[in-house]
Structures are given as structure tokens and as C-alpha cells.
Amino acid sequence: MIQIVKRPDPTRREDVLTRLGALLGAVICAAVIIGFIGYNPFEVFKNLVVGSTGTAMRIQSTMNKTIPLATLSLGVAVCFKMKFWNIGAEGQFYMGAMFATWAAFNFKQLPIYLLLPLMGILGFLGGGLWALIPAVFKSRFKTNEILVTLMMNYIATKYITYLQYGPWKDPKAGGFAKMPKFISAAVLPKLFGVHIGWIVMLVAALFIHILLTRTKIGYEIAVIGESETTARYAGISVTKVTIFAVILGGGLCGIAGMMQASAIEKSLTDQLSAGLGFTAVITAWLARLSAPGILVVSFLFACLLQGSAFIQTAMQIPAQVAEVLQGIILFFVLGSEFFLNYQLAWHKSGKEAA
């Protein structure tokens with residue numbers, strides 16, 4: 001009989017080789033499927049790279065996807081480090097964007113150097129407070145945070161839709177359901193062709209890396225993630241640390257929403273995220289909750305997203321094929337996690353043993 005058994009912790013070499021093998025397997029499998037449906041896999045892979053990094057404009061587009069994805073992933077990683085399974089980055093993203101938009105609509109008289117920080121602070125509060133709700137439910141009523149955070153995503157997005165069709169609808173839009181554009185003071189400026197959110201992303205990554213690896217609160221977050229009982233025995237205030245980590249994680253997701261609304265859409269819409277909040281769960285996990293790793297994985301994933309959009313137009317490949325490519329790569333890479341933690345063992349049946 002074949003059984004699945006827990007394997008010892010892999011060495012660094014085994015970890016790297018397993019992940020490289022997963023990527024190679026994904027490329028081979030994708031190439032077979034692409035060839036089967038009538039496309040040249042080498043041309044497709046080349047255009048994936050060219051479409052995401054081939055020109056300065058394409059690199060800028062890739063970075064515009066990397067910034068919110070990496071910031072969301074950092075927020076998710078803080079919660080995951082504590083074993084608080086926050087699947088609500090999407091909702092926290094939208095609530096942060098909504099709070100920031102409220103400031104952009106109501107404080108138009110402020111100069112840019114005051115309005116943008118205010119939008120950032122409110123974006124952080126919007127995401128952080130939205131994340132705090134499931135944390136309170138878990139603490140008081142022992143609810144499952146996966147289900148609560150997941151359901152709250154839909155509450156947040158539907159509320160944005162309500163604002164878009166109702167109170168915040170632009171009366172000058174000719175009947176279309178859209179919100180007014182931000183004034184110039186509410187739009188993040190650019191640096192080297194990309195909005196300055198990339199600086200926020202790098203600062204946030206450095207902050208989270210130091211917090212989780214070099215500080216007492218980071219150690220306490222890790223201990224709570226291993227065992228709440230051990231944390232309480234060690235004198236750690238589980239409630240305070242949980243509140244801090246959840247607000248920080250949700251707040252980073254809210255800042256990502258603020259940056260996306262300000263720099264990319266220059267307004268608020270119920271299509272603002274394009275699913276990046278759910279993608280961030282994957283990228284954070286693939287990066288093993290490491291802040292530097294998140295930057296790398298988020299950039300590579302943004303290249304995949306941008307390159308997939310390019311091959312749809314350049315090679316007339318249906319959108320479904322591009323999604324299949326993404327799915328195959330995710331399947332193999334996530335599958336490598338299984339083989340890093342478990343192995344297949346052969347056990348003799350009773351008759352064979354006899």
C-alpha cells in the first residue's frame with residue numbers, strides 16, 4: 001500500500017531543487033498543452049517575457065501590477081505568520097481605497113503634501129479596521145477566520161458597488177455608473193516613469209522584514225503562530241499582539257487599495273482590484289512569508305499577468321489559454337509544497353508481510 005507520511009524538514013538544497021523541478025515540470029506541461037491546441041510554445045514563452053519586460057512602457061505596466069500585489073502580500077504574510085488565515089485581503093484593499101477616496105472627495109482644498117498622507121493614513125485605517133472585525137469574532141466567538149474574512153470580501157465589494165451606483169455616482173457621467181475622477185492633488189506622482197507607490201512598497205517590505213526577524217513583537221507573532229498556549233505560558237499578551245498584527249496586515253492591504261485608486265484608476269470602482277487580493281494569498285505563501293521573497297515572487301507573478309495579457313493581443317490567443325498557463329504554473333509550484341513536507345511510502349500488506 002502507498003501511504004502519505006510526514007517527511008523530515010528538507011535541506012536548503014532539497015528545497016531549491018524541488019522548486020526548480022516544479023517550475024521545469026510546469027514549463028514542460030504548459031508547452032505540451034500549448035502545442036496541442038496549435039500554438040508554438042517557444043513563441044508563446046518568448047512573448048510572455050517580451051510582453052512584460054520588452055519595452056520601458058511594458059516594464060512600467062508590470063511594475064504597476066507588482067506594487068499592489070507585493071503590498072497586499074506583505075499584509076497577508078503578517079497575518080499568516082501568526083496562523084491567522086486572512087483570506088480577506090480583497091475586502092481590506094477595497095475598504096482602504098474607499099476611506100482614501102472619501103478624503104479625496106471631501107478635502108479637495110488641501111495641497112498635495114497634506115492630502116496624499118491623509119489618504120494614506122485613512123487607507124491604512126480602513127483596511128486595518130476591516131481586518132479587525134474577523135479577529136474580534138475569532139477571539140470572542142471562536143469563529144473560523146477563513147470563512148469570515150472570505151465573506152467580508154463580498155460585503156466590501158458590494159458596498160463599493162452601492163456607492164458607485166448611488167451616493168458617490170458622478171452626476172456629470174451622463175447616466176453611467178462611475179465615480180468622479182480625483183483632483184491632481186489626490187494622485188500619486190511618478191518617479192522614473194512609475195508612481196511613487198514603488199517606494200512605499202520597498203519601505204513596507206523593509207519594515208516587515210525587520211519587524212518579523214529582528215524585533216520582540218515579531219518573535220511574539222511567530223510564537224503565537226506556533227502555539228497560543230505556549231505564548232500565554234511565556235507571558236505574551238495574545239490579544240494585544242493579535243490586534244497589532246491584524247491591524248498592520250489589513251492596513252497594508254488598505255494602503256495597496258489607496259495607491260491603486262490614486263495612481264492607476266484616479267478614482268474608485270468595483271473593478272479596482274481585478275482579483276489581486278486573492279492572488280496575494282498565493283504569492284505570500286509561495287514566498288514562504290519572507291518579505292524579500294515576496295518582492296521577487298510578486299514581480300515574477302506580475303510578469304506572468306502582464307505577459308498573458310500581451311499574448312492575447314499579439315498572438316490572438318484566447319484569454320482562457322492564458323488563464324490555463326497561469327493555472328498550470330500555480331498547480332506545479334503549489335504541488336511542490338506537498339513534496340517538501342510529505343513523501344509517498346510503500347507499506348507491505350498483511351499477505352505480503354506474511
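Author: In this predicted model, L268 is in contact with A97, M98, T101, I160, Q164, W168 and M179, leaving aside its neighbours within four places in sequence. L268 also belongs to the largest nonpolar core, which has 84 residues. Within that core, L72, L74, M119, F182, I208 and L268 touch the most other members. The helix that gives the most to this core is α10, residues 238-265, with 13 residues. Apart from this core lies another, of eleven residues, with V44, I311, I317 and L325 among them.

The helix α10 may be taken next. Of its 28 residues, 21 are buried, so α10 is largely enclosed by the rest of the structure. At 1.5 Å a residue, α10 should span 40 Å, and its end C-alpha atoms are 39 Å apart, which agrees. Just after α10, K266 takes a positive phi of about 55°. In the loop between α10 and α11 lies A274, and this residue has a positive phi of about 60° although it is not a glycine. Most residues other than glycine have a negative phi. A274 counts as exposed because its relative accessible area is 70%, over the 50% cut-off.

Another residue of this kind is Q316, with a positive phi of about 55° although it is not a glycine. Q316 is found in the loop between α12 (291-314) and α13 (319-341). At 59% relative accessibility, Q316 is likewise classed as exposed.

Two packed helices are described by the angle between their axes and the distance between the axes. The crossing of α4 and α5 is right-handed. On the side of α4, the contact is made by G91, Q92, M95, G96, F99, A100, W102, A103 and A104. On the side of α5, L115, L118, M119, L122, G123, G126, G127, W130 and A131 take part. The residues of this contact divide into twelve nonpolar, six polar and no charged. M119, one of the α5 residues in the contact, is also among the core residues that touch the most other members.

Helix α5 also holds I133. With a relative accessible area of 32%, I133 is partly exposed. I133 and V148 are 15 residues apart in sequence, and their C-alpha atoms are 8.9 Å apart in space.

V148 is one of the buried residues of α6, a helix of residues 145-165. The buried residues of α6 are E145, V148, T149, M152, N153, A156, T157, I160, L163 and Q164. An α-helix has 3.6 residues a turn, so residues three or four places apart point the same way. The buried residues of α6 pack against α4, α5 and α11 (276-286). The 21 residues of α6 should span 30 Å at 1.5 Å a residue, and its end C-alpha atoms are 30 Å apart, which agrees.

Two further residues, T71 and T53, complete the survey. T71 is found in helix α3, residues 56-81. Its relative accessible area is 0%, so T71 is buried. Apart from neighbours within four places in sequence, T71 is in contact with M201, L252, A256 and M259.

T53 has its place in helix α2, residues 41-53. T53 is partly exposed, with a relative accessible area of 32%. Not counting residues up to four places away in sequence, T53 touches R58, I59 and C303. The C-alpha atoms of T53 and Q306 are separated by 9.0 Å, although these residues are 253 residues apart along the chain.

Notes:
Residues are numbered from 1 along each chain as its sequence is written. This is a predicted model: local features need pLDDT of at least 70, side-chain atom pairs count only at pLDDT 80 or more; totals for chains, interfaces and linings use all residues. Side-chain values use heavy atoms; hydrogens and water are left out. A crossing is left-handed if the near helix is turned anticlockwise from the far one by less than a right angle, and right-handed if clockwise. Helices (H or I, at least four residues) and strands (E, at least two) are DSSP runs, numbered from the N terminus. Contact means heavy atoms within 4.5 Å. Ala, Val, Leu, Ile, Met, Phe, Trp, Tyr, Cys and Pro count as nonpolar, Asp, Glu, Lys and Arg as charged, and the others, Gly among them, as polar. A nonpolar core is a set of buried Ala, Val, Leu, Ile, Met, Phe, Trp, Tyr and Cys residues joined through side-chain atoms within 4.5 Å. Buried means under 20% relative accessible area, exposed over 50%, partly exposed in between (1.4 Å probe, protein chains only). The expected span of a helix is 1.5 Å times one less than its number of residues.
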